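Biologist: Hi, could you walk me through the packing in this one? I'd like to start with the core and then look at some helices.

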Amino acid sequence: MTRRGPAPDIDESQVVVGSPGDHAAGVKAVAVSLQRSVEQMGAVRTAQTLTRLNQRHGFDCPGCAWPETPGHRRPAEFCENGAKAVAEEATRRTVTPEFFAAHSVAELSGKTDYWLGQQGRLTHPMVLRDGASHYTPIEWDEAFRLIADELRALPDPDRAVFYTSGRTSNEAAFLYQLMIRSFGTNNMPDCSNMCHESSGSALSESIGIGKGSVTVPDLEFADLILIAGQNPGTNHPRMLSTLRAAKRNGAKIIAVNPLPEAGLLRFKDPQTVDGVLGDGVEIADEFLQIRLGGDMALFRGVARLLFEADDAAPGTVVDRTFVAEHCAGFDEFEKVARAVDFATVLEATGLTMTQVRETADAMIASERTIACWAMGLTQQTHGVATIQELTNLLLMRGMMGKPGAGVCPVRGHSNVQGDRTMGIWEKMPETFLAALDREFGITSPRRHGFDTVGAIRAMRAGDASVFMAMGGNFIRATPDTAATEDALRRCSLTVQVSTKLNRSHVVAGRTALILPTLGRTDKDVQASGKQLVSVEDSMSMVHLSRGSLTPASEHLRSEVAIVCDLAHELFGAGHTVPWATLAADYDRIRDAISRVVPGCDNYNERVRQPDGFQLPHPPRDRREFPTRTGKANFVTGELQWVRTPPGRLVLQTMRSHDQYNTTIYGLDDRYRGVKGGRRVIFVSAADLVEQGLSDGARVDVVSEWTAADGSVEERRVHDFRVVEYSTPKGNAAAYYPETNPLVPLDHVAAKSNTPVSKAVVVRLEPVGGH
């Protein structure tokens with residue numbers, strides 16, 4: 001297969017900064033989508049893929065997890081970043097053994113993430129042997145023997161770590177966790193640990209299930225939608241179509257975010273006349289430009305105002321019937337909420353009292369309220385408490401278990417929620433493990449395993465020595481890059497199951513394997529014929545995905561086949577799990593899922609319905625709450641927010657518009673006015689004056705972290721361009737993974753252990769002392 005187009009590298013010294021965008025999507029998004037698609041795939045392949053993307057008889061987008069509207073799919077059921085994701089996966093460019101022969105690992109390690117990703121699809125299994133300078137080809141059977149021998153030689157199964165990315169299908173995830181538990185460990189870190197783990201921890205305690213309770217029709221039916229710490233224009237663009245429908249139906253939308261995001265300002269839907277020729281639709285009715293980490297204080301201040309409004313008109317604000325019948329802990333919550341000091345609320349949030357009151361008034365006026373959030377809330381030290389404070393607001397108003405109301409944590413990666421449903425979690429409940437054991441005749445370990453932060457600590461300490469990743473780019477997805485790189489290099493073996501080249505391939509253990517796999521767009525043919533896989537979206541809908549493209553190489557194997565072939569080599573032909581049978585026909589995997597995973601009865605039949613099926617959600621479906629109290633819990637704790645030390649800034653890491661998670665599609669962020677580079681830091685005009693800096697200055701960014709022993713640890717990234725931007729004083733923002741080295745490994749959220757990437761204390765040092 002031939003390479004199409006150049007293999008670009010970049011010079012970020014020429015970055016250009018202009019005015020931020022005032023809307024999302026529009027004709028420009030269509031033009032960029034088509035340009036990137038044709039560059040990577042060619043015109044014919046572009047037509048073959050985009051017309052099938054997110055369609056009932058097509059394949060699921062490898063980007064975000066936003067669902068389709070049940071019963072209604074548009075001809076172009078994708079966004080700009082979805083088209084970029086498909087172009088990256090279905091590219092005609094290839095990375096062959098000849099490429100690895102021409103480029104040493106040392107040379108590749110000096111390339112940018114963008115350059116690595118632009119090289120194309122991996123075509124052959126490759127091995128980097130101990131002491132070697134280059135990857136060389138390896139046969140599949142030898143690769144599996146190498147892994148199995150290394151695993152069997154471990155003195156304890158818990159010395160192996162198995163990572164999972166959100167792009168893994170339900171079928172592959174189910175078999176992957178089955179293989180891992182058959183081996184004897186629960187060490188299953190996954191990408192959820194770094195994003196919505198705080199949501200799961202918070203909601204599990206509050207309502208008994210760690211998933212959102214609403215659907216797309218609920219959002220379209222809502223009176224009020226509160227969007228906190230989320231940027232749908234870049235991270236979940238198809239959500240904007242849903243918000244447009246909600247606005248058309250009369251919904252009010254309040255955006256809570258430190259940065260003005262283009263998608264929350266205005267949306268130009270390129271599939272409507274107004275979006276092409278007109279001004280589009282204004283999305284946010286109110287924009288609360290909150291200080292980083294101040295959300296919990298906002299929600300508690302609003303709660304006090306709701307109680308005071310109920311005092312003035314008893315029984316009209318607090319849904320006391322719902323609270324009495326379905327909730328626990330209300331009295332303590334009321335006591336704490338009534339006692340909150342508004343001066344503290346304003347200090348923590350940077351908002352005005354008028355803004356706080358208007359938010360409370362909107363909640364009082366609404367009969368149907370939905371709260372949406374993403375990483376802006378979850379990646380705080382008090383992320384779990386913040387989400388519970390927001391959930392408390394909904395519970396006191398009875399906004400749970402009725403149409404148009406509830407919680408909506410907006411998941412990022414396309415099947416990250418499905419992975420967890422299928423058992424990818426280091427502490428699955430006993431009911432799941434017992435069912436798995438009965439189905440397959442194994443004995444699953446019960447001791448909890450490592451999450452992502454725990455796995456990095458274990459590898460760095462020498463307590464784990466084999467690392468296997470099913471997809472993803474572990475090096476770039478994790479915090480504290482130096483610590484993570486050191487941890488992987490200490491391993492005796494690292495294994496990456498991947499579609500494309502990334503940074504994790506050049507930071508290797510003593511021996512390293514790259515196992516090339518099929519992507520969502522690829523046709524998957526096994527012994528019984530063409531196979532289908534399934535995924536779960538952000539709203540618990542499970543549906544099929546059907547790849548149709550000829551794979552980039554005859555040497556690629558599906559994730560299911562890789563897991564089954566490795567398991568067969570690891571456990572032998574007499575193992576109680578029929579690995580070969582499962583690999584031959586994915587319907588058999590789904591039959592097993594139906595007997596193990598709650599809510600998946602008759603999986604094969606139900607998933608073949610036109611829009612799949614929805615998993616049960618007791619709070620949504622029956623106002624039943626499977627918590628320790630049997631009720632929805634008002635969870636109340638000490639009010640927390642992020643304070644800015646004198647002379648310092650609090651940094652949030654974020655995506656540009658030209659990336660998705662760790663994949664860099666390009667070097668422009670037109671929504672923020674940045675072109676041709678990524679090493680920029682957004683700072684308010686007031687902070688530039690205070691720190692004696694000007695727009696365009698070059699700085700090193702140094703993070704400061706107080707360790708447990710009281711010492712201050714510093715981490716540094718070099719040569720960033722300062723961009724004057726609208727952000728609260730004391731706050732700053734920059735792109736990851738470039739700023740991941742600044743995030744300390746031990747800087748994690750309480751309860752969820754999620755890295756705190758939205759509250760990093762930094763100072764700016766001019767480059768060269770200028």
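**Cores and helix packing**

Modeller: Happy to, and keep in mind that this is a predicted model. The largest nonpolar core has 65 residues, and Phe174, Leu175 and Leu513 have the most contacts inside it.

Biologist: Which helix gives the most to this core?

Modeller: That is α8, residues 170-183, with nine residues.

Biologist: And what does Leu513 touch?

Modeller: Leaving aside residues up to four places away in sequence, Leu513 touches Met126, Val127, Ile138, Ala143, Leu146, Ile147, Leu493, Thr494, Val495 and Gln496.

Biologist: What does the second, separate core include?

Modeller: Leu224, Val345, Leu394 and Phe625 are among its 56 residues.

Biologist: Switching to helices, how do α7 and α27 pack?

Modeller: Helix α7 (residues 140-152) packs against α27 (residues 559-571) at about 55 degrees, and their axes are 9 Å apart. Because of that angle, α7 is oblique to α27. The crossing is right-handed.

Biologist: Which residues make the contact?

Modeller: From α7 there are Trp140, Phe144, Arg145, Ile147, Ala148, Leu151 and Arg152, while α27 brings Ile562, Asp565, Leu566, Glu569 and Leu570. By class, eight residues in this contact are nonpolar, four are charged and none is polar.

Biologist: Nice. Last one: which residues of α17 are buried, and what covers them?

Modeller: In α17 (residues 330-339), the buried ones are Phe330, Phe333, Glu334, Val336 and Ala337. Their cover includes helices α15 (295-312), α16 (320-326) and α21 (383-396), along with strand β13 (327-328).

Definitions and conventions. Residues numbered from 1 in each chain as written. Predicted model: local features only at pLDDT ≥ 70, side-chain atom pairs only at ≥ 80, totals over all residues. Heavy atoms only, no water. Axes fitted to C-alpha atoms, helices over the stretch in contact; angles between N-to-C directions. Helix = DSSP H or I, 4+ residues; strand = E, 2+ residues; numbered from the N terminus. Parallel < 35°, antiparallel > 145°, perpendicular 65-115°, else oblique. Left-handed = near helix turned anticlockwise from the far one by under 90°. Contact = heavy atoms within 4.5 Å. Nonpolar A, V, L, I, M, F, W, Y, C, P; charged D, E, K, R; others polar. Core = buried A, V, L, I, M, F, W, Y, C linked by side-chain atoms within 4.5 Å. Buried < 20%, exposed > 50% of the residue type's maximum accessible area, 1.4 Å probe, protein only.
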